[in-house]
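Please keep the view open while reading.

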Amino acid sequence: MQVTSPAFKENAAKALADVTLQKALKNVETGFIAKRAAAAAALPEFEALRDAARDLKNHVLAHLDLYLEAYEKKVVAAGGHVHWAESAEDARRIVTDICKRLGARTVTKGKSMITEEIALNDHLEREGLIPVETDLGEYIIQLRGEHPSHIVAPAVHLTKEQVAGDFRRVHTHLDAARDLTEPVTLLSEARAVLREKFLVADVGITGANFLIAETGTSIIVTNEGNGDLTQTLPKAHIVMASIEKIVPTLEDVDTLLRVLARSATGQEMSVYTTFSTGPRREGDPDGPGEYHVVLLDNGRSAMLGTEFEEMLRCIRCGACMNHCPVFQAVGGHAYGWVYPGPMGAVLTPTLIGVDKAGHLPNASTFCGRCESVCPMRIPLPKMMRAWRNREWERALNPATLRSGLGLWAFVAARPGLYRLAARVSSMALRLLGRGRGRIASLPFFAAGWTKMRDMPAPEGATFMDQWKARAGR
Amino acid sequence: MTARDAVLGKIRRSLRVGPGDDARRATVADRLAARAPGIVPARGQRDPAVRLALFLEMAAKVAASTDRLASADDVPAAVARYLRSKNLPQAIRRGADPRLERLPFDREPQLTVTVGPSDGHDLAGLSHAFAGVAETGTAVLVSGADNPTTLNFLPEHHLVVVRASDIAGDYETIWARVRATYGEGTMPRTVNWITGPSRSGDIEQTILLGAHGPRSLHLIVVDDL
């Protein structure tokens, strides 16, 4: 997909002025925050589970190569195939090769963020295949030619009126005069349309929430059941998973499942948690004839051993973005690529480069809410700060910012000069305030600051002068 | 060099380790063999009667309906009753599971029972659950010759029978039973944890039941299944 992260500022300004989007984004707060808080409060062990989840994933990352080897062995023993993909391009080729060998035409898809990351749908279409997203939110945005604006709720940026408009435009075989005012009607219509697609699909592609080394099992978690129909009905099931999804044992996955749904949607458990091991077995009345797992690296191995390693603990619950004041204000599309919100602000620069995504770690107030709700206790603000440092080291910030900060550093490192400058500017600001106690418009480069608000004028001498006057008391 | 070697090599370079580090290998082997339980919530750690009550309560919270029977012989009548209450035709599709095979469906002459996987045209499906989990009101179903996975997802109404004594407090108990049944490190092709009927919140974050899977889930807990 097209990367618009470099235009974050313009994207954000547009999003703030978009009345429909602002209306839709209100649902983030009502739909997620209180529910997560209630679910966390209802389980006394929740905080201890978060610690355990963090430690578990740290252990996996330190032994990732060995767990991947163990996992592969078990998949093969169960009759499945493991394909290793270093890059997005490799992963796309592996999927197309399987589809072509099977003479596939329609490919149903469960929700998978890494297929967004590797832009799989565009590729499948170029190869003459018909990818059909089956998660309701993903289906809606596919109809619109858009990308998810949230990793759990892909269509959170839309209102029901917009969805009704899209269904009318695309589902032309249905009565044009039908009533689509209620969300439940929209849901029923999507169910009927997609049911036909499930039944004719040749290949089903799902993501994986977790992979289990002990048993060679992949896990998907859904509420709709679309992932299950996607993987059960066609000739082949392809699991798209990134390498860090691995978990040692069934007991370990219990720990992660106990924090995942609670953090994501405030459910105690998602409706469907499905453990898949290999293809249809002898005597099975249904199930896919082939079972493939594509293990995608795409830059993740390079994050190990760096200050961004902890990001690989992420289980994609979306809590960080639900609780982020910046995400709540601008929505996910402003971030300009696949992963929005705080987790996107850390992950996107590692995957597409800080030169393109440098704005994202800057789009944070460092309020810390993301870290406080992250089930894996990922220090997101610390890592955003690390990206800001890298951006500075590589001189990617605008010249005005760099020279401004350079000037400030020069003065700040010289106490005498700093005090003089503080005294002079304090006097100047007091003059500008002219006894009203506030400044309605600042001159020159600072004009932008007072465009939306007043600047309070200093009330007396500088701190250092007052300190001296009181003789340090 | 294969892609596999390339990915594993990159991971090892980043971790600054070699492939033949025996201490690391032993750590991983031990962890996989130990299968140590993590933190298990106290919520489900109760005597069987309380556990069963919790299972029914948690299932109701996620919008599943429940029925409680003393005898397996009463299941056909309970199925017929459910179908009537929903204004559905007296027809149901089930798997070939012996526990379902043994049920006296002949006592409900109006009820048409078909056997095998669903092709998407059944209004109601009947499955046998391997277990239930009180912690979250979850039904655990396993695939196999007798239990078509399609029955769990295609029919509009999913009816599930589970033996009362198969209701565990937590997921860990289920894994111990899976290992005892299928062997160490071996899983059925599909294990479905089902917690309530299908739903979606994708339109304006309003939860609606009946997305792609069943619109209703009816759990029938039986003492002597």
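1. How many Å separate the centres of domain 1 of chain A and domain 2 of chain A, taken over C-alpha atoms? The separation is 55 Å. Domain 1 of chain A covers 43-298, and domain 2 covers 404-469. Keep in mind throughout that this is a predicted model.

2. Chain B has 225 residues, and 48% of them count as buried. Its secondary structure consists of seven helices and twelve strands. Along the principal axes, the C-alpha atoms of chain B fill a box of roughly 70 × 40 × 40 Å.

3. The contacts within chain B deserve a separate remark. Take those between residues at least 6 apart in sequence: 73% of them join residues at least 24 apart.

4. Next, the contact between the two chains. Chain B contributes 63 residues to it and chain A contributes 82 residues. On the side of chain B that touches chain A, the elements giving two or more residues are the helices α1 (3-15), α2 (22-34), α6 (150-153) and α7 (171-182), together with the strands β9 (190-194) and β10 (199-200). The largest share of this side, ten residues, belongs to α1(B). By residue type, the side of chain B that touches chain A divides into 25 nonpolar, 25 polar and 13 charged residues.

5. A strand pairing also links the chains. Strand β9 of chain A, residues 272-276, pairs with β9(B) in the antiparallel sense, over five bridges. Within β9(B), B:I194 is the residue that stands opposite A:Y272.

6. Is α4(A) mostly covered or mostly uncovered? It is mostly covered, with ten of its 14 residues buried. The buried residues include A:L64, A:L66, A:L68, A:A70 and A:V75. A:D65, A:E72 and A:K74 are also among the buried residues of this helix, and they count as charged. Two tyrosines, A:Y67 and A:Y71, are buried in α4(A) as well.

7. Last, look at what comes after this helix. α4(A) is followed by A:G79, which has a positive phi, near 90 degrees.

Definitions and conventions
Residues are numbered from 1 along each chain as its sequence is written. Chains are lettered from A and ligands numbered from 1 in the order in which they are written. This is a predicted model: local features need pLDDT of at least 70, side-chain atom pairs count only at pLDDT 80 or more; totals for chains, interfaces and linings use all residues. Helices (H or I, at least four residues) and strands (E, at least two) are DSSP runs, numbered from the N terminus. A residue is buried if 20 or more other C-beta atoms lie within 10 Å of its own, exposed if 12 or fewer, and partly exposed in between; C-beta atoms are placed from the backbone. Two residues are in contact if their C-beta atoms, placed from the backbone, lie within 7 Å. Two strands pair if DSSP finds at least two bridges between them. Domain bounds come from an automatic or database domain assignment.
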